[in-house]
Amino acid sequence: MENQLVTVVNNTFPIARKVKANPPIVKLTREIEEVIRKLYDPKIKFRNGTMEVIEEDIEQNKQNEILLTNYEIVKLKGFLTVAEYACNELNDSNPSTNSYDGIDEDLDFDWLMRFFDSVGLINNQDLQKLWGKILAGEVRSPGLCSLRTLDIIRNLSRDEAKSFDKLSKYVMQSGNIFFIFDNGFSSPNIDEDEYNVKSFNLIKSQKLSFVLDIVPLIESGLFTIDQYFASNFSESNSIEIHNDKLLYTLEAQEKGSTIKFEPYILTKSGIELFRVIHKSKSFITDTEYANCCIEELQKKYTDIKFSIMPFTDN
């Protein structure tokens, strides 16, 4: 009679057998083995990509095999399904998204247990894929996603998770601030010559809105609208805004020049989740909306020079 636990693991987590030389997947498999052994049975291990009973304990295991309840089976399968999505993320040959910088650092076991509790009973595929990206991100860079952020993500609905995933392609950075321009989420204002018509139509074409997408993420704790992006250019005559493709430089042309707008600023947890999604293999940065918003700001602030160039980490 085959060990019930071994059967569940091998049927739910087959990718470990397919990719044996990928360091992140080897690391993830090791972490999964640690969780399963501590929770269920210390006499099992992964060998050649397959979980099996340690040979010297086969006879003893037949006599003392731990039978899982239906609840435990469902929870273990949920965890392993998410781990499978994480493996698919890690099985990416692109070195820019599959960094090995943290490959020798073990995941925090308390973090793994909180993760296990969070994903075990999730059945929605979109949410499972999001959690898979989180686990993959943690394998690449342990400490990328805090326990507080795990709790926020745990309470996200499927629609909220999809909204954040769609909005992530619009995230910009200036210094330590990560934000999304608000131009296209506000109805054109006649008093301001409807300067944001183009961005508004662009966001509308993407079926995004302030009420259905931004507000729920503010309530969840991933965005905030309590801060302005403002500069009077007192410390420097220029500021920089960028994504991972384009760099915009704003330079004051006159003494006393100022700029002020009200973006949707990512909280600390929002930044952590954005970094997870940004590293996923399916992520593509949008430049059309960023260019559109910069052009609209240029119309409002004629005393500021706006420059654009390709962005690199250097």
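Helices (H or I, at least four residues) and strands (E, at least two) are DSSP runs, numbered from the N terminus. This is a predicted model, in which local features need pLDDT of at least 70, side-chain atom pairs count only at pLDDT 80 or more, and totals for chains, interfaces and linings use all residues. Residues are numbered from 1 along each chain as its sequence is written, and side-chain values use heavy atoms, with hydrogens and water left out.

**Figure 1. Overview of the chain, with 13 helices and 11 strands.** Of its 314 residues, 50% count as buried. Buried means under 20% relative accessible area, exposed over 50%, and partly exposed in between (1.4 Å probe, protein chains only). The accessible surface of the chain comes to about 16100 Å². Carbon and sulfur atoms hold 46% of that surface. Areas come from the Shrake-Rupley method with a 1.4 Å probe; for residues, only the protein chains shown count as cover. Contact means heavy atoms within 4.5 Å. Among contacts in the chain with a separation of 6 or more, 77% join residues 24 or more positions apart.

**Figure 2. Confidence along the chain, and the stretch 93-97.** pLDDT is the predictor's confidence in each residue, from 0 to 100. Its average over the chain is 85, and 87% of the residues score at least 70. Over residues 93-97 the pLDDT is below 50. Beyond near neighbours in sequence, this stretch has three contacts in the model.

**Figure 3. Helix α7 against helix α8.** Helix α7 covers residues 125-140, and helix α8 covers residues 147-154. Their axes come within 12 Å and cross at roughly 170 degrees. The pair is therefore roughly antiparallel. Axes are lines fitted to C-alpha atoms, for helices over the stretch in contact, and angles run from 0 to 180 degrees between N-to-C directions. Angles under 35 degrees count as roughly parallel, over 145 as roughly antiparallel, 65 to 115 as roughly perpendicular and the rest as oblique. From α7, Leu130, Trp131 and Ile134 meet Leu150, Ile153 and Arg154 of α8. By class, this contact has five nonpolar, no polar and one charged residues. Ala, Val, Leu, Ile, Met, Phe, Trp, Tyr, Cys and Pro count as nonpolar, Asp, Glu, Lys and Arg as charged, and the others, Gly among them, as polar.

**Figure 4. Thr12 in helix α1.** Helix α1 spans residues 4-12. Thr12 counts as buried, at 15% relative accessibility. Leaving aside neighbours within four places in sequence, Thr12 is in contact with Lys77, Leu80, Thr81 and Glu84. Thr12 and Leu80 are 68 residues apart along the chain, yet their C-alpha atoms are separated by 6.1 Å.

**Figure 5. Ile44 in strand β1.** The strand runs over residues 44-47. Ile44 is buried, with a relative accessible area of 0%. Beyond its neighbours within four places in sequence, Ile44 has contacts that include Leu5, Val6, Ile36, Met51, Val53 and Ile54. Glu33 and Arg37 are also among them.

**Figure 6. Lys207 in the loop between α10 and α11.** Helix α10 covers 197-205, and α11 covers 210-220. Lys207 has a positive phi of about 60 degrees, although it is not a glycine. Most residues other than glycine have a negative phi. Lys207 is exposed, with a relative accessible area of 72%.

**Figure 7. Glu194 in the loop between β4 and α10.** Strand β4 covers 177-180. Glu194 counts as partly exposed, at 37% relative accessibility. Setting aside neighbours within four places in sequence, Glu194 is in contact with Pro188 and Asn189. Glu296 is 102 residues from Glu194 in sequence and 9.8 Å from Glu194 in space, C-alpha to C-alpha.

**Figure 8. Asn91 in the loop between α5 and α6.** Helix α5 covers 70-90, and α6 covers 109-119. Asn91 counts as partly exposed, at 38% relative accessibility. The C-alpha atoms of Asn91 and Pro24 are separated by 8.2 Å, and the two are 67 residues apart along the chain.
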